[in-house]
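This report is for a reader who is new to the structure. Please look over the sequence and the model before reading on.

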Amino acid sequence: MQRTGAQIVWEVLTREGVDTIFGYPGGAILPTYDAMVDYPIHHVLVRHEQGASHMADGYARATGKVGCCIATSGPGATNLITGLATAMLDSTPVVAITGQVGSKAIGTDAFQETDVTGVSMPVTKHNYLVTDVRELAQVLREAFHVARSGRPGPVLVDIAKDVQQATTEFEWDDRPIRLRGHRPRAQALNESMSRALELIKAARRPVILAGHGIILSGAYNEVREFAEKTNTPVALTLLGISAFPRSHPLCLGPMGMHGEAYVNQAIQESDLLLAFGMRFDDRVTGTIKTYAPHARKIHIDIDPTEINKNIKVDVAIISDLKAALERLNPHLEAGDHSEWIARIQEWAEDTHARDIIRNAPTSERLLSPHVVHDLWKATSGNAITVSDVGQHQMYEMQYYSHDRPKTLITSGGLGTMGFALPAAIGVKMGMPDEEVWVVAGDGGFQMTMAELATAVQENLDLKIAIVNNSFLGMVRQWQEFFYDKRYAATPLFNPDFTKIAGAYGIPAFLVDNREDVIPTIEKARQTPGVVLIEFRVEMEEVVYPMIPPGSSLAEMIRRPKNGEGTTEVSDEMKQAGIGAASV
Amino acid sequence: MKHILVALVENKPGVLARVAGLFRRRNFNIDSLTVGTTEDPSVSRMTMVIDSTATDASAVERNLYKLINVLYVQDVTNEPSVIRDLAMVKVSAGPENRGEILQLVDIYKARIVDVGQQTMIVELTASPSKVDQFVQLLEPFGVREMVRTGLIAMKRGDEPMFQEETDEHARGEWRVLNTN
């Protein structure tokens, strides 16, 4: 059948299972927008294209499907970039479609022309510029295939305006895509498998490092089976939160820079690390010179470039995690590491003795950990929380206990402030029956709060918790520890967030003491539609524990015990914090 | 140590930019990179020389594979292969020097491809170290201009360099197993 390029876009997208797309129209993409009206696609009109790419990302993370966004050429396309970079670092399957100026005008600095394939090259898994309508259908199919196969990632398709207008014969080709240069595989070598089994059998102090790959691969049951069969404790990366039930007796909790001290201690003392779909990011390893010095390492990852990138490993299994564990699990022998686990529990006692929830049930000022903890309590731990970036994100990691997969959505690798609200809109669009909470700081929220209008326009039942300390809290914390409390550009003037909400017709509440936290959350849950709660918290809180950047996992800045004493940041740590090569 | 990687890539616009962008982004240092056509018009061939003291050649190889347009990569450093570099040198060659230069050209099996009043262009195709020596020997006469293509390599023997079912992932796993 004859179709225009614009129609082909929707012919392919609907066949690829896309029912929702996030976008913003403009000149170079207008033909495609015009054709959209005739297809069963729900278009979400964003207020800034960055929102569109975050929404597509959030949608993809929550549903496991490919998220889709669309924008015009030039500024429309460049506004997508932060969202694409976010999706790239967190391996989210996203397809972004952008209009480009007419193919004859490319290279002439035409109005709203940007070399978008050039600009997006380093932040996409792959991208395409389409200047011939006969290639369009195949390119779009490839884009979806590349986005979701192997290690997922964002793919951008830039379509010249005349291609959208041109007509060609369209026939749906449903044979599986086979690309000569893209051959992700699922099968690891038998030799790697047997070597891994030997190490597992010999281990006395094993720890599983559970990463995002578990979620991307859908390997929850397999990881659980592995952990239970071998009686191996499980430490979580930030994006590994919700990959393994937090309430499981073998779950230790988060690792790394703001992970629990006993978890990091367990990693340092371990004799076998089982890295499941994680990439030894600097935020979880601290300085690699002293990382887990006694441990053999087995790394299972689908991406060969992750092997030996940061940490040299003893066995590499380059495979889809689920497929690898399906092969490993039947050969596992029952392990008994109760002595090892008991030792970790002992270390954990020290952490519990410092725990702020236990030791400071009430305080003069409202504390952020209380807000997150009470949100967990009020939602019975069942909500999908979409967290922004900063201190509240770390509290969310520490204090909201996630048991179900894909229930913490957050920008881990790129640390994109402003991610939470738009991503949550994407999450809610994809999972309309779930209770979805935005948890954002006052800084990050203001970066993308224009998307409140999008949430209202879409009639979403979305709850928003702003943790407001009138500071860029995490940056302030670094200044406190490493820069002699010189608070350069971290105090914030803030609007009255409840009034901002009011302008959009959003019911809003202000909470500044602990007693009101749960009742107000309850009220918000009972109020349909978008509801916003501003929590005014203590201004100068510090996220404990903390490993200064460039320091060893063994050198943590700890929360003072039982509220007594002060936290000393040694000169050495200060130097490490300022001088670290990594940020 | 120098590593020589040969890659087959799709002959499409922007592929060179992707490879160059990858090197820049991952902070890979390369000594030389050549691109040329092959027996298959849809495929180009790249030869890269990497100083492995600064850059892990295996990481380069694996990262290249991640590019969708890259079909095959092989590290031929330890494979029996023919390795060539082409140099053109415009050397000062007044009447008093010509004889001596011609002798060198003869010994190195180079060719004179242009003769001017005061200069000559000498062309040499040889292994990179031989080209180095040759250029060094010409220097006392006065090298006015010099250009080298960068190195290209081809594996010796009847076996094809790249096989359709080459499993790059298996190679990566072996490498880890064998180094431990």
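## Basis of the report

The model is predicted: local features need pLDDT of at least 70, side-chain atom pairs count only at pLDDT 80 or more, and totals for chains, interfaces and linings use all residues. Residues are numbered from 1 along each chain as its sequence is written, while chains are lettered from A and ligands numbered from 1 in the order in which they are written.

Helices (H or I, at least four residues) and strands (E, at least two) are DSSP runs, numbered from the N terminus. Two strands pair if DSSP finds at least two bridges between them.

Chain A has an open sheet of six strands with parallel pairing, in the order 3-2-4-5-7-6. Strand 3 and strand 6 (126–130) of chain A are its edge strands, each pairing on one side only. On average, neighbouring strands of this sheet are turned by 20° against each other, direction ignored; axes here are lines fitted to C-alpha atoms, for helices over the stretch in contact, and angles run from 0 to 180 degrees between N-to-C directions. Helix 5 (residues 81–89) of chain A packs on the sheet and touches strand 5 (94–100) and strand 7 (154–160) of chain A. The direction of helix 5 of chain A makes about 145° with that of strand 7 of chain A. Contact between two residues requires that their C-beta atoms, placed from the backbone, lie within 7 Å.

Strand 2 (residues 20–23) of chain A has partners in strand 3 and strand 4 of chain A. With strand 3 (residues 42–45) of chain A the pairing is parallel, over four bridges; in it A:Phe22 has A:Val44 as its bridge partner, and A:Gly23 stands opposite A:Leu45. Two bridges join strand 2 of chain A to strand 4 (residues 67–71) of chain A, again in parallel, and here A:Gly23 stands opposite A:Ile70. Strand 2, helix 2 (residues 30–36) and strand 3 of chain A make a right-handed β-α-β unit, where right-handed says that, with the strands pointing away from the viewer, the path from the first strand over the helix to the second runs clockwise.

Another open sheet of six strands in chain A has the order 16-15-17-18-20-19, with parallel pairing. Its edge strands are strand 16 (408–410) and strand 19 (508–511) of chain A, each of which pairs on one side only. From one strand to the next the twist averages 20°.

Within this sheet, six bridges hold the parallel pairing of strand 18 (residues 462–468) and strand 20 of chain A, and A:Ala465 stands opposite A:Ile533 in strand 20 of chain A. Helix 17 (residues 368–378) of chain A packs on the sheet, touching strand 17 (436–441), strand 18 and strand 20 of chain A; its direction makes about 160° with that of strand 18 of chain A. Helix 18 (residues 391–399) of chain A also packs on the sheet, where it touches strand 15 (384–387), strand 16, strand 17 and strand 18 of chain A.

## Buried parts

A residue is buried if 20 or more other C-beta atoms lie within 10 Å of its own, exposed if 12 or fewer, and partly exposed in between; C-beta atoms are placed from the backbone. Helix 19 (residues 420–430) of chain A is largely enclosed by the rest of the structure, because 11 of its 11 residues are buried. Among them are A:Pro422, A:Ile425 and A:Lys428.

A nonpolar core is a set of buried Ala, Val, Leu, Ile, Met, Phe, Trp, Tyr and Cys residues joined through C-beta atoms within 7 Å. The largest has 206 residues, of which A:Cys69 and A:Ala235 touch the most other members. Helix 7 (residues 133–148) of chain A gives the most to this core, with eight residues. Apart from this core lies another, of 13 residues, including B:Val91 and B:Phe134.

## Where the chains meet

In the contact between the chains, 22 residues of chain B meet 25 residues of chain A. Helix 5 (168–179) of chain B supplies the largest share of the chain B side, seven residues.

## Backbone details

The peptide bond from A:Tyr544 to A:Pro545 is cis, with omega near -15°. A:Pro545 is found in the loop between strand 20 (531–536) and helix 25 (571–579) of chain A.

A:Asp109 is not a glycine, yet has a positive phi of about 60°. With 9 C-beta neighbours inside 10 Å, A:Asp109 counts as exposed.
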